[in-house]
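Hi there,

Here is the structure I promised to pass on. Please open it alongside this note, and then read on for what turned up.

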Amino acid sequence: MKVNQSEFIISAVRPEQYPDDGLPEIALAGRSNVGKSSLINRLINRKNLARTSSTPGKTQQLNYYKINHDLYFVDFPGYGYAKVSKEQRFAWGKMMEKYLLQRDELKLVMQMVDMRHEPSKDDKMMNEWLRHHGLPLVVVATKMDKIPKTRRAKHIKVIKEALGLRSGDLFVPFSSEEGLGKEELWDIITRHARVDKYAPVEEEADHEAGETVQTAGDDNY
């Protein structure tokens, strides 16, 4: 998909703060440090719309990014970060659950897991929960470039088996550094959002002047 316009819209903590224009929304969920901000930047061909942070777990809201006036990426707080209090994790969990179960505009959840490691207990719980509620889901295995090519098939097999994925389940190995998996993931996103990925955009966005940047702290290695 050719992305001509992308902008940060809002960090929302309550439903009344969510955009009300009815555009389809694509949620990004995953552990802290899994690379959600880097994935967003790679998909939209920007270096710093969603910025990384040296403080894991810093993203504490639902961060909305509008793409081409066609859809939103909704970046979730990273789960599984130990230094966040139990009370804060509970509050995030309730906010995310309410959004996932009640947001009509939600068209797809991208659950991101680190390809270098077997899915964690939190990854497994999130995957089971999403599938239990029948939410449209694609599992994205990030940081593929960190795995030697000869070992990637083994890592993919470990992830699929740990999450109980079947042949028909959507799964995309991805590298934000090299762009591997980008086109396949965009195909899935546009299909679920019912967006024509070849549709022209009226005007080009000025990426150098006046851009709005949001810090999202979940991309440390």
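First, the ground rules. This is a predicted model, in which local features need pLDDT of at least 70 and side-chain atom pairs count only at pLDDT 80 or more, while totals for chains, interfaces and linings use all residues. Residues are numbered from 1 along each chain as its sequence is written, and side-chain values use heavy atoms, with hydrogens and water left out.

**Helix 4 and its strands**

Strand 7 (residues 137–142), helix 4 (residues 152–163) and strand 8 (residues 170–173) form a right-handed β-α-β unit. (Helices are DSSP runs of H or I with at least four residues, strands are runs of E with at least two, and both are numbered from the N terminus; right-handed means that, with the strands pointing away from the viewer, the path from the first strand over the helix to the second runs clockwise.) The two strands pair in the parallel sense over four bridges, where pairing takes at least two DSSP bridges. Ala141 sits opposite Pro173 of strand 8.

Helix 4 has twelve residues and spans 17 Å from first C-alpha to last, close to the expected 16 Å (1.5 Å times one less than the number of residues). Its buried residues are Arg152, His155, Ile156, Ile159 and Leu163; buried means under 20% relative accessible area, exposed over 50% and partly exposed in between, with a 1.4 Å probe and protein chains only. These residues lie on the same side of helix 4 because they cover an arc of only 100° around the axis, taken from the directions from the axis to the C-beta atoms. Ala153, Lys154, Lys157 and Glu161 are exposed on the face turned away from that side. Just after helix 4, Gly164 has a positive phi of about 70°.

**The cores**

The largest nonpolar core has 28 residues, and Leu39, Phe73 and Trp186 are among those with the most contacts inside it. (A nonpolar core is a set of buried Ala, Val, Leu, Ile, Met, Phe, Trp, Tyr and Cys residues joined through side-chain atoms within 4.5 Å.) Helix 5 gives the most to this core, with five residues. A second, separate core of 21 residues includes Ala27, Tyr64, Val74 and Leu130.

**Lys2**

Lys2 is in the segment before strand 1 (6–12), and it counts as exposed because its relative accessibility is 58%. Its C-alpha is 9.4 Å from that of Leu43, 41 residues apart along the chain.

Best wishes
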